[in-house]
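Student: I am new to this structure. Please take me through one part closely, and then show me how other parts are held.

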Amino acid sequence: MLYTLENAEQFVAERKHLLCPQYRLGYHLMAEFGWMNDPNGFIFHNGHYHLFYQYYPYQPAWGPMHWGHAISRDLVTWEYAPAALAPDQPYDSGGCFSGSAIVHEGKLHLMYTGHVVTGPNGDTDYYQTQNIAVSGDGVTFAKLASNPVLGLEQIPAGTSRKDFRDPKVFVRDGFYYTVIGSNDGAGHGLILLYRSQNLVNWAFVGEMARSDGQMGDNWECPDLFELDGYDVLIMSPQRMPAQGDHYRNLHSTTYMVGKLNTETGSFSYDGYDPVDFGFDFYAPQTALDPQGRRIVIGWMETWEQEIPTQLGHYWAGAMTLPREAVLRSSDRKLLFQPLEELNAYRRDSFELSGLELAGEQLLAAQGECYELEVVLRTGSAREFGLKLRTNGAGEETVLAYDAEEGLFRFNRDRSGIGQGGERRTDIALAEGGDLSLRIFVDQSSVEVFLQGGEKVMTGRIYPGEASTGIAAFALGGTSTLVSLKKWNIERQL
């Protein structure tokens with residue numbers, strides 16, 4: 001197939017009536033048709049947020065990557081723009097892989113990875129380079145005649161000759177820098193740093209960071225930014241071994257807080273932590289907005305797992321809610337919090353308070369697309385929590401706190417079709433034994449913000465249409481539902 005932007009737009013226009021609405025999300029960004037994965041080119045430009053994404057319009061499955069494009073004023077309601085990039089050049093014939101956006105000389109520049117397949121085995125026979133596309137209107141892009149701008153000859157010795165991808169560009173001290181994900185070919189992921197004055201001519205600065213053997217064999221989608229006087233590196237390590245209850249997915253996300261030395265390219269940090277503690281969060285990218293907020297958005301899936309909408313629904317993949325990253329000064333940990341723009345979409349409020357729990361109690365509230373603000377108090381219960389998307393016949397998604405172990409768990413063994421499983425994380429109760437949750441349910445997704453965003457857990461679920469109930473419970477004693485507020489979230493897509 002000849003991949004062109006015109007072919008992609010025509011294909012989608014002729015077939016988008018085939019989309020099955022079941023499981024389509026109400027207030028999250030999805031592809032208009034076909035496949036979506038990594039967020040790319042996330043930027044605020046000329047009064048709008050632009051989000052590009054890895055996109056294969058022809059099937060709800062990974063294929064030769066295009067760049068989809070959506071535009072928003074508030075990060076909640078999105079409008080689809082024409083696809084921005086198609087794999088139509090010799091240097092990106094196998095796909096326009098992930099990258100970023102930056103404004104240079106008044107024009108929007110996309111820096112992306114060109115993927116080229118070189119043999120019969122697409123998993124092993126390939127190479128990758130970095131390329132630039134430029135737009136004057138923020139919608140239509142032209143690739144530079146001088147591409148690639150960062151080629152194989154600029155990969156340092158001891159670094160993979162294949163995995164060299166996902167450039168994220170930033171400005172510091174009058175220079176452009178880009179971080180690029182890679183590995184050493186011997187089981188250690190790493191990040192490379194390059195410098196440029198014009199986005200075209202790049203020089204290698206140094207190796208920023210490298211896996212210690214417990215952080216995955218390849219590092220993808222790096223993003224480095226400043227926050228409250230520190231540098232933060234977010235990236236996605238592949239095949240990272242589990243560490244207790246954390247990093248239980250095959251591919252993970254993590255962040256480090258430290259300092260970047262732009263002369264040597266080295267990044268010093270003391271430790272690392274997960275960005276999300278749930279099932280489905282990968283390849284996040286950040287943007288700085290006019291309010292000075294550092295906003296994070298991720299792909300709300302993960303690799304090598306079943307996605308039910310790939311069969312007969314004509315779409316697969318979605319983005320998480322955008323989240324603001326806040327640095328807690330006391331311990332230099334990141335908190336992730338929902339954006340206040342979501343409040344404008346609240347409808348049909350419901351409240352209750354002071355409900356004593358012993359066993360399970362179905363609440364007088366239900367829904368498929370909603371937000372909950374909940375405070376639960378431990379009492380004598382061994383375990384307490386909520387059950388979402390219940391149907392009275394065993395289908396349920398369980399959010400529970402184990403008071404003896406100090407662990408919160410997100411269980412989707414009975415959440416419907418698709419992957420089951422459980423993710424757990426330790427979280428301390430507030431003074432008085434209170435657990436505060438802010439929960440966003442959207443048809444086939446659940447995002448749980450614990451204790452003011454101290455931790456977040458994200459997961460896709462695929463319940464039946466009759467599973468709209470909400471229940472609260474306490475086991476092994478009593479607990480108190482101190483307060484619960486619920487709002488339906490108005491559908492936008």
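Student: In β10, which residue is the bridge partner of Arg-172?

Tutor: The partner is Phe-175. First, some ground rules. This is a predicted model, in which local features need pLDDT of at least 70 and side-chain atom pairs count only at pLDDT 80 or more, while totals for chains, interfaces and linings use all residues. Residues are numbered from 1 along each chain as its sequence is written, and side-chain values use heavy atoms, with hydrogens and water left out.

Now the strands. Helices (H or I, at least four residues) and strands (E, at least two) are DSSP runs, numbered from the N terminus. Two strands pair if DSSP finds at least two bridges between them. Strands β9 and β10 run antiparallel and are joined by 7 bridges. Their hairpin has 2 residues between the strands. There, Asp-173 takes a positive phi near 55°.

On to the next partner. Strand β11 covers residues 189–196, runs antiparallel to β10, and is joined to β10 by 8 bridges. Ile-180 stands opposite Leu-192 of β11. The hairpin of β10 and β11 has 5 residues between the strands. Gly-185, in that turn, has a positive phi of about 75°.

Arg-165 lies in β9 (residues 164–172) and Glu-220 in β13 (residues 218–227), so the pair ties together parts that are 55 residues apart in sequence. Both Glu-220 and Arg-165 are buried.

The structure holds 35 salt bridges. Another one joins Asp-273 and Lys-333, with the closest N and O atoms 2.7 Å apart. This pair links distant parts of the chain: Asp-273 is in strand β17 (residues 273–274), Lys-333 is in strand β22 (residues 333–338), and they are 60 residues apart. Asp-273 is partly exposed, at 21% relative accessible area. Lys-333 is partly exposed too, at 30%. Glu-207 and Arg-210 also form a salt bridge, with the closest N and O atoms 2.7 Å apart. Glu-207 is partly exposed, with a relative accessible area of 30%. Arg-210 is partly exposed at 32%.

Salt bridges can also form networks. One links Arg-346, Glu-371, Glu-373 and Arg-438. A charge sits over a ring if NZ of Lys or CZ of Arg is within 6 Å of the ring centre and within 35 degrees of the ring normal. Lys-162 does this with Tyr-126, its charged end 5.6 Å from the ring centre.

Rings also pair with rings. Rings of Phe, Tyr and Trp (its six-membered ring) pair if their centres lie within 6.5 Å; planes under 30 degrees apart count as stacked, over 60 as edge-to-face and the rest as tilted. By this rule there are 25 aromatic pairs. Phe-33 and Tyr-314 form a stacked one, 5.9 Å centre to centre with 25° between the planes. The two are 281 residues apart: Phe-33 is in the loop between α1 (5–15) and β1 (34–45), and Tyr-314 is in the loop between β19 (294–299) and β20 (315–316). Phe-33 is buried, at 3% relative accessible area. Tyr-314 is partly exposed, at 34%. Ring pairs link both into a cluster with Tyr-3, Phe-11, Tyr-56 and Tyr-58.

Pro-57 lies in the loop between β2 (48–56) and β3 (66–72). Pro-57 is buried, at 0% relative accessibility.

Technical notes. Buried means under 20% relative accessible area, exposed over 50%, partly exposed in between (1.4 Å probe, protein chains only). A salt bridge is a side-chain nitrogen of Lys or Arg within 4 Å of a carboxyl oxygen of Asp or Glu.
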